[in-house]
Amino acid sequence: GADAATVGRDLDGVQVAAYLLHHEFDDFIKELLRHYREADIPLFRFFKDVSSDQIAAITAASNRELLTLLASNQVRRYIDQTLENWLKNQLPVISREQIHSTDITLVNFARAQTFRRFISDYTDSMPMFRQLVEEIDRFFLILNSELFTAYIGLQQAEINTMNKALETREKQLLEAQEIGRIGSFEWE
């Protein structure tokens, strides 16, 4: 099966990441920002007070890290760092609770589109083009899968917290009814 350790192995994804990082980085970021705007990602509503230059800087920083780790064939490290930053609430401008499943899907869709856009600048070999598209798709499949697993875990933890709070309130209500010698009933 495909996992993060196999992405980049025996394919040219490592070289493409290095190529993008060293030769096309500014254009890559501009294209990525264009795809983000076109996707109308709900998460970006939290960036309304952030200047476009700041958004570009945040995007550049996070994608420089992505490309650097991909270029050095450290895909697993990138995925682990991304998950850790999210779970520890170490994201720029937003909190982890503001991220929804649609944001994950649209952000990574825009990234994949941007990567695919630059493959033709890297190679005109159709077999290599296909390999790179498959590798990009596999990488984003793994990344999305792990992000969605974390998202579901966060949602489950929030539900558990709410359920515990409701149980506590119910116990307090029942105790108050008993102390006040009042009750409730249902009429059929």
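His23 sits in helix 1 of this predicted model. Is this residue buried or exposed? His23 has a relative accessibility of 58%. Exposed means over 50%, so His23 counts as exposed. Now look along the chain from His23 to Ile159, 136 residues apart in sequence. The C-alpha atoms of these two residues are separated by 46 Å.

Other parts of helix 1 are hidden. Which residues of helix 1 are buried? They are Gly13, Val14, Val16, Ala17, Tyr19, Leu20 and Leu21. Their cover includes helix 2, helix 3, helix 5 and helix 6.

Take Leu20 from that buried set. Setting aside residues up to four places away in sequence, Leu20 touches Phe25, Phe28, Leu67, Phe115 and Phe118. Leu20 also belongs to the largest nonpolar core, which holds 46 residues. Which members of this core touch the most other members? They are Leu20, Phe28, Leu67, Ile79, Trp86, Phe115 and Phe139. Several helices build the core. Those giving two or more residues are helix 1 (13–23), helix 2 (25–39), helix 3 (52–71), helix 4 (75–87), helix 5 (101–122) and helix 6 (126–179). Which helix gives the largest share? Helix 6 does, with eleven residues.

Step back to the whole fold. The protein has six helices and zero strands. Read from the N terminus, its elements run α-α-α-α-α-α. Consider the contacts between residues at least 6 apart in sequence. Of these, 79% join residues at least 24 apart.

Next comes the overall shape. The C-alpha trace spans about 80 × 40 × 30 Å along its principal axes. What is the radius of gyration of the protein? The value is 23 Å, whereas a compact globule of 188 residues would have one near 16 Å.

Buried residues make up 35% of the 188 residues in the protein. The accessible surface comes to about 11,800 Å². Carbon and sulfur atoms account for 53% of that surface.

Note on methods: Residues numbered from 1 in each chain as written. Predicted model: local features only at pLDDT ≥ 70, side-chain atom pairs only at ≥ 80, totals over all residues. Heavy atoms only, no water. Core = buried A, V, L, I, M, F, W, Y, C linked by side-chain atoms within 4.5 Å. Buried < 20%, exposed > 50% of the residue type's maximum accessible area, 1.4 Å probe, protein only. Helix = DSSP H or I, 4+ residues; strand = E, 2+ residues; numbered from the N terminus. Contact = heavy atoms within 4.5 Å. Rg over C-alpha atoms; globule rule 2.2 N^0.38 Å. Areas by Shrake-Rupley, 256 points an atom, 1.4 Å probe, with all protein chains shown as cover.
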